[in-house]
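Take a look at the sequence and structure below.

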Amino acid sequence: MRKNIVAGNWKMNNDLPQTEALISDLKKQTKTSNAEVMIAPAFTNLWQAFETTRHDDIEVIAQNMHFATNGAYTGEVSADMLKSIGIQTVILGHSERRAYFNEDDAILAKKVDQALSKDLRVIFCFGEELADRKAANHEAVVASQIQNALFHLDASAFKNIVLAYEPVWAIGTGETASPEQAQDMHKFIRKTLNDKYGNQVADHMTILYGGSVKPTNAKEIFSKPDVDGGLIGGAALKAEDFYAIVNAF
Ligand code: PGA
């Protein structure tokens with residue numbers, strides 16, 4: 001079912017006291033929209049964040065996980081570990097994971113399979129680089145990222161997937177895709193899903209936009225018909241800014 005979601009990706013920011021302080025600030029904010037609110041703190045702070053938001057309208061989610069069930073993968077975190085502390089949603093395929101940790105489509109397909117097999121909901125990220133857009137290749141790149149990591153799945157699997165279109169050139173750069181660019185791509189993504197799985201999957205898919213979403217541009221981006229919410233980086237680190245975006249619906 002299509003939902004409005006605003007998810008804050010904290011990335012490698014906030015130690016434990018800072019996590020507690022930001023959550024305490026978030027709890028002071030008032031939500032006036034129907035958007036689901038999610039925050040993704042670092043692994044070390046997930047348990048504490050989960051515990052302190054247990055009775056609030058905030059879902060704590062993970063930024064990443066490994067594709068294996070368990071074993072000799074030093075430094076990695078498994079789906080079962082996330083599940084065991086109450087986490088129900090994981091971000092996979094963020095462009096920083098792809099760029100700095102060599103996560104390619106094949107690895108991401110395995111991560112998606114593992115997450116879904118453990119009943120985790122996946123926020124699957126993808127998006128083109130600036131060179132792709134300049135070469136007018138952005139749609140082909142996005143289509144291949146989706147196809148390679150997700151199109152082996154049955155239609156029924158998509159009820160546990162949220163898509164996040166994040167053009168790499170707009171992440172952390174202050175440069176946002178225009179609302180029209182976001183809408184055009186989201187419409188194209190829905191068409192790509194429709195061509196493969198039909199409108200039952202395409203029309204119900206929640207598609208987030210990410211890349212320099214701020215209180216000043218959120219309303220216009222979220223007003224586009226195929227944009228269902230946002231994945232927020234920098235602006236998620238300030239409670240007032242984050243809730244201004246949550247309330248932009
Ligand atoms: P940004 O990051 O909002 O800081 O551009 C978005 C993201 O990486 O998800």
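**Ligand site and strands**

An oxygen atom of the ligand is 2.7 Å from a polar backbone atom of Ser-212. This is a polar contact (a pair of N or O atoms within 3.5 Å). The model is predicted: local features need pLDDT of at least 70, side-chain atom pairs count only at pLDDT 80 or more, and totals for chains, interfaces and linings use all residues. Residues are numbered from 1 along each chain as its sequence is written, and side-chain values use heavy atoms, with hydrogens and water left out.

**Around the ligand**

- A polar side-chain atom of Glu-166 lies 2.6 Å from an oxygen atom of the ligand.
- For Gly-233, a polar backbone atom is 2.9 Å from an oxygen atom of the ligand.
- Taken alone, the ligand exposes 280 Å² (Shrake-Rupley method, 1.4 Å probe). The protein buries 95% of that.

- Strand S2 spans residues 36-40. Strands here are DSSP runs (E, at least two residues), and helices are runs of H or I, at least four residues, numbered from the N terminus.
- Four of the five residues of S2 are buried, so S2 is largely enclosed by the rest of the structure. Buried means under 20% relative accessible area (1.4 Å probe, protein chains only).
- Strand S1 (residues 5-9) runs parallel to S2, joined by five bridges. Two strands pair if DSSP finds at least two bridges between them.
- Val-6 stands opposite Val-37 in S2.
- Strand S3 (residues 59-60) also runs parallel to S2, with two bridges. Ile-39 stands opposite Val-60 in S3.

Notes
Polar contact = N/O pair within 3.5 Å; in protein donor to acceptor, adjacent residues only side chain to side chain. Buried < 20%, exposed > 50% of the residue type's maximum accessible area, 1.4 Å probe, protein only.
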